[in-house]
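Here's a quick briefing to go with the model below. Have a look at the fold first, then read on.

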Amino acid sequence: CICQTTHNILPSNNRISRWGFGQLVCYHCNSIDETVLHVTRDCTLASQGWHHLIKGNHRNAFFTSSLHDWVALNLNKALNNEQITNWRSIWAHACYMLCF
C-alpha cells in the first residue's frame, strides 16, 4: 500500500471509476472524491486517527501537504508524540490498514 500510495496508484474509488466501475465517492464519508490522499489521510475515518497520533505543532504540515510531500514528510520526520517510537513503521502500518 505504501508503494501504491507513493506512486499514486492505489485502487481508490477515483481510479476504479475511471475504469468504468463504481462511484467516485468514499464509502466511509460519502461526500468527496476518493483519491489516494483522501483514503490515507483526509477521510474522517483516517483524520480522526491521525489527530491522536500527530503532535499539535505538526498537524498543519501533516494535513495540508501534497501527496508527494506528505509521503516524504512522514518517511523523513517523526511527527508523533514522544511516546511512540519508529514513526515510519507506525505511519506505514496505519496507511496500510486504511487501505482496507
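Is W91 buried or exposed? W91 is buried, because its relative accessible area is 0% (buried means under 20% relative accessible area, exposed over 50%, partly exposed in between, with a 1.4 Å probe and protein chains only). Keep in mind that this is a predicted model, where local features need pLDDT of at least 70, side-chain atom pairs count only at pLDDT 80 or more, and totals for chains, interfaces and linings use all residues. Residues are numbered from 1 along each chain as its sequence is written, and side-chain values use heavy atoms, leaving out hydrogens and water.

**The fold**
- The protein chain has seven helices and zero strands (DSSP runs numbered from the N terminus: helices are H or I with at least four residues, strands are E with at least two).
- Of the 100 residues in the protein chain, 36% are buried.

**The core**
- The largest nonpolar core has 17 residues, and W50, F62, W70, W87 and W91 have the most contacts inside it (such a core is a set of buried Ala, Val, Leu, Ile, Met, Phe, Trp, Tyr and Cys residues joined through side-chain atoms within 4.5 Å).
- Helix α7 gives the most to this core, with five residues.

**The aromatic rings**
- There are six aromatic pairs (rings of Phe, Tyr and Trp, its six-membered ring, pair if their centres lie within 6.5 Å; planes under 30 degrees apart are stacked, over 60 edge-to-face, the rest tilted).
- F62 and F63 pair edge-to-face, 4.9 Å centre to centre with 75° between the planes.
- W70 and W91 also form an edge-to-face pair, at 5.3 Å and 70°.
- That pair links helix α6 (W70) with helix α7 (W91), 21 residues apart.
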